[in-house]
Amino acid sequence: MKFRTMLPALLLLAALPIACTDAAKIPGDCTGDGIFDQGDAQLVKSYLLGQAELSAWQLAAADLSGDGNISITDYLQMQSALTGRTSAP
Ligand SMILES: [Ca+2]
C-alpha cells in the first residue's frame, strides 16, 4: 500500500489521542462540552442504569473516585459537588 493512500488514516490515528485527552480535561465532564453540570451526572446515571454507553474518555472523566470503575459512588460524588456539599471535582 502506498504511503499516499495511507496518509488520511495515519493522520486520523495521530489526532485521536489528542482529542481524547482534550475531552477529558475537566473531571466529571463526560459530555465533553467543557462544563461539569447536571447533564454529566444524568449521563452517568443513564450509564449506571444501562441506558447509555460511555466511551473510554467519558469513563475516565466520570471516574471521580479514581478506582477505575464507574459506580454509584462516582454519581453521588458528582451530585455532591453539583449541589455544593463538597468542592468541585
Ligand atoms: Ca459536561
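Modeller: Take Ile70. This is a predicted model, and in it Ile70 counts as buried because 21 C-beta neighbours lie inside 10 Å; the cut-off is 20 or more. Ile70 is a loop residue, placed between α3 (56-62) and α4 (72-82).

Now its partners. Beyond the neighbours within four places in sequence, Ile70 is in contact with Val44, Tyr47, Leu59, Ala62 and Asp63. Take Val44 from that list. Val44 and Ile70 are 26 residues apart along the chain, yet 8.1 Å separates their C-alpha atoms.

Next, the helix that follows the loop. In α4, the buried residues are Asp74, Gln77 and Met78. They line one face of the helix, because they fall within an arc of 100° when seen down the axis of α4. The general rule is that an α-helix has 3.6 residues a turn, so residues three or four places apart point the same way. The buried residues of α4 pack against α2 and α3. After α4 comes Gly84, with a positive phi near 85°.

How far to trust this? Mean pLDDT for the protein is 82, with 71% of residues at 70 or more. Helix α2 (residues 38-48) has the highest confidence, a mean of 98. Helix α1 (residues 3-23) has the lowest, a mean of 50. Over residues 10-21 pLDDT stays under 50, and the model has two contacts beyond four places in sequence for that stretch.

How values were computed. Residues numbered from 1 in each chain as written. Predicted model: local features only at pLDDT ≥ 70, side-chain atom pairs only at ≥ 80, totals over all residues. pLDDT = per-residue confidence, 0-100. Helix = DSSP H or I, 4+ residues; strand = E, 2+ residues; numbered from the N terminus. Contact = placed C-beta atoms within 7 Å. Buried ≥ 20, exposed ≤ 12 C-beta atoms within 10 Å, placed from the backbone. Arc of directions from axis to C-beta.
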